[in-house]
Each structure stands twice: as C-alpha cells, then as structure tokens.
Amino acid sequence: MTVTQEQREQVVASALREISHIATLPQVTLKIIELVEDPSSTAQDLHEVISNDPALCSRILKVVNSSFYGLPGQIASINRAIVMLGLNAVKNIAIAASLAKLFRGGELTPVFGAKDLWDHSNAVAIGCKLISDRLSMGLGDEAYLAGLIHDIGIMIEMQYDRTNLIDAIGKCGASPEGEPTVDLCTTEEEVFGANHMDFGRGLCEKWKFPAPFAAAAGFHHNPTAAPSECMKIVYVVHAADVLAASLEGGFKLDQPGQKMCKEVRDELKISDEMFDDLLKALQESIDESSHDM
Ligand SMILES: [Fe+2]
Ligand SMILES: [Fe+2]
C-alpha cells in the first residue's frame with residue numbers, strides 16, 4: 001500500500017493535535033532555544049532563564065562534571081558551566097532533558113517498551129558522537145542530540161494509538177531484538193498511514209527544533225533524500241542507527257538486515273574494519289554510561 005505525501009501529512013497533523021496535551025515542550029526549553037538562536041543573546045540571559053529551573057541546573061552541572069566532557073576539576077556554578085559548555089551545548093542539554101520526559105510510556109509488549117526505545121536512542125546518540133569524533137567532523141553535541149531524537153516518531157505513535165503500534169510491531173514478524181521479516185516503516189504505513197519518520201519530523205517542526213534534528217528524525221532510513229544542508233548529520237545518524245541495531249539485543253525492527261546505505265558508507269569512509277571498531281567502542285561507552293543524560 002502506498003500512502004501519498006498529503007495523506008501522511010494529514011495523519012501526522014491529527015496525531016500531533018491529539019497528543020498535544022502530552023507532547024509539550026517545557027516553556028523553559030522553548031525559551032532557551034529561542035535565546036540561543038538569537039545572536040544578540042548572552043550567557044547572562046541564558047543564566048537568568050536556567051536559574052528558574054532547579055532540575056535543569058542540576059542536570060547541567062551533572063553533565064559539565066561528567067566524564068563525557070572530560071573537564072578537569074569540579075564546576076559548581078551555573079554561570080561557569082554555561083561558559084565552559086557554550087550556549088549551544090546548554091541548549092542541547094535542555095532539549096535532551098525534555099526528551100527524556102517524552103520517553104515515558106511503559107511497556108507495549110512483554111518484550112518492548114518506552115525504556116527499550118530510550119536505551120536504543122541513547123545508543124544511537126553515543127554512536128553519533130563516536131563517529132563524529134572519529135572522523136573529526138566537529139558535530140559533537142549536535143550529532144549526539146540528533147541521535148537521541150531520531151526515533152521520537154515511535155514515541156508519538158505510542159502515545160497517539162498504542163493498539164496500532166502494537167499491531168505494527170506484531171506485523172514485523174519478530175521481537176524487537178529479533179530479525180524482522182517486514183520493516184517497521186512499512187507496517188506503520190499500513191496501520192497508521194504514515195511511518196515514524198513522518199511523525200518525528202512533524203513533531204520537530206512543530207516544536208521549532210533546529211533543522212538538523214527534524215532531518216535526522218525524518219530521513220534516518222532514507223538518508224540520501226535529506227535536505228542537502230543537513231545531509232552530514234543525517235548520514236551520521238543513519239550510520240549510528242545501523243551500529244546500534246547491530247549491538248547484541250539492539251532494536252532492529254526498522255532495519256531488517258542492518259544494512260548501511262552505500263552512499264553513507266562511502267561518504268563517511270566506514271570500512272568493515274572501522275565498523276567493527278566503532279561497534280566495540282559503542283558497546284564500551286554504553287557499558288560505562290549511566291544512560292540518563
Ligand atoms: Fe527509525
Ligand atoms: Fe533507530
């Protein structure tokens with residue numbers, strides 16, 4: 001069954017309307033995105049907004065002091081954390097914190113739930129950072145967050161219509177860790193009339209997330225179709241998604257055979273040897289990370 005672009009857009013719009021009471025971005029995150037996108041903002045403006053949110057303050061301090069950033073010594077002041085991390089990184093932490101709240105939804109089937117998807121998203125986020133660092137692409141935080149967001153469309157489906165999502169998962173013909181016979185995007189289109197890339201991109205656009213995040217959500221299984229200005233980050237997310245699915249017990253329903261798109265493999269120059277290397281590094285980072293960034 002093929003769905004037209006117009007049908008997809010209608011389905012996405014009605015899903016987003018329906019879940020708007022659940023899927024709201026906290027005011028503070030919106031304000032932070034707005035401030036960081038405005039070139040006239042200063043670290044002081046950001047500090048004023050953040051200091052009203054104690055949970056976010058403690059998260060920022062936790063991040064700046066984590067081994068992820070590898071800074072020497074403990075940092076206890078938010079002002080100093082903002083200066084050390086940069087406005088953009090602080091924006092990304094705020095987005096990541098809001099996303100963590102979205103990934104609540106309990107178990108869908110005895111073997112799959114929101115937590116599994118959150119673990120997968122974290123694995124892809126770490127994979128993105130590994131690839132970007134390994135290739136000196138300088139994407140860092142942005143790649144990490146794009147990885148965290150890429151499958152957000154599945155969470156929208158979960159909150160919009162659980163029964164349909166359970167149905168779509170069932171039609172894949174495997175447990176989420178098993179090898180699917182049919183790709184999840186195909187079964188989602190059958191059941192919902194749109195796939196998780198459509199839902200994810202719709203949400204990112206509605207929330208006015210920076211364009212690379214909408215592109216990562218919207219094109220990670222079809223990377224060559226991404227808008228050219230976001231191509232690099234979408235390629236990295238696609239590659240990291242294949243890596244994460246190749247982990248033992250990794251989420252692979254939307255990637256039968258875990259095949260990396262040839263254009264991505266060529267562009268990022270990921271040889272078989274490098275793939276194995278990255279996979280090992282990813283497993284090690286996951287084992288070290290506390291999964292709650
Ligand atoms: Fe996906
Ligand atoms: Fe994924």
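Before the first helix pair, a definition: helix axes are lines fitted to C-alpha atoms over the stretch in contact, and angles run from 0 to 180 degrees between N-to-C directions. Helices here are DSSP runs of H or I with at least four residues, strands are runs of E with at least two, and both are numbered from the N terminus.

This is a predicted model, in which local features need pLDDT of at least 70 and side-chain atom pairs count only at pLDDT 80 or more, while totals for chains, interfaces and linings use all residues. Residues are numbered from 1 along each chain as its sequence is written, and chains are lettered from A and ligands numbered from 1 in the order in which they are written.

I start with the pair the definition was for. The axes of helix α6, residues 87–102, and helix α8, residues 140–149, come within 10 Å and cross at roughly 15°. The two helices are therefore roughly parallel to each other; angles under 35 degrees count as that, over 145 as roughly antiparallel, 65 to 115 as roughly perpendicular and the rest as oblique. The crossing of α6 and α8 is left-handed, meaning that the near helix is turned anticlockwise from the far one by less than a right angle, with clockwise being right-handed.

Which residues of α6 and α8 meet? From α6 they are N88, A89, N92, I95, A96 and L99, and from α8 they are D141, E142, L145, L148 and I149. Contact here is C-beta atoms, placed from the backbone, within 7 Å. Seven of these residues are nonpolar, two polar and two charged.

Now the whole chain. It has 16 helices and two strands. The C-alpha trace spans about 55 × 45 × 40 Å along its principal axes. Among contacts between residues at least 6 apart in sequence, 64% join residues at least 24 apart. Of the 293 residues, 43% count as buried: that takes 20 or more other C-beta atoms within 10 Å of a residue's own, against 12 or fewer for exposed and anything in between for partly exposed, with C-beta atoms placed from the backbone.

Helix α9, residues 152–160, has nine of its nine residues buried, so it is largely enclosed by the rest of the structure. Among them are I152, M155 and Y160, and also E157 and Q159.

Helix α7, residues 114–134, and helix α16, residues 272–288, pack at about 130° with axes 10 Å apart. That makes α7 oblique to α16. Their crossing is right-handed. The contact is made by residues including A123, I126 and R134 of α7 and L278, A281 and I286 of α16. Eight residues of this contact are nonpolar, two polar and one charged.

Helix α1, residues 5–18, and helix α12, residues 196–206, have axes that come within 9 Å and cross at roughly 60°. That makes α1 oblique to α12, and this crossing is right-handed. R8, V12, A15 and L16 in α1 meet D198, F199, G202, L203 and K206 in α12.

Last, a loop residue. Where is G173 found? The loop between α10 (162–171) and α11 (184–192) holds G173. With 14 C-beta neighbours inside 10 Å, G173 counts as partly exposed. Leaving aside neighbours within four places in sequence, G173 is in contact with P180, T181 and V182. G173 and L253 are 80 residues apart in sequence and 9.1 Å apart in space, C-alpha to C-alpha.

Methods
Contact = placed C-beta atoms within 7 Å. Nonpolar A, V, L, I, M, F, W, Y, C, P; charged D, E, K, R; others polar.
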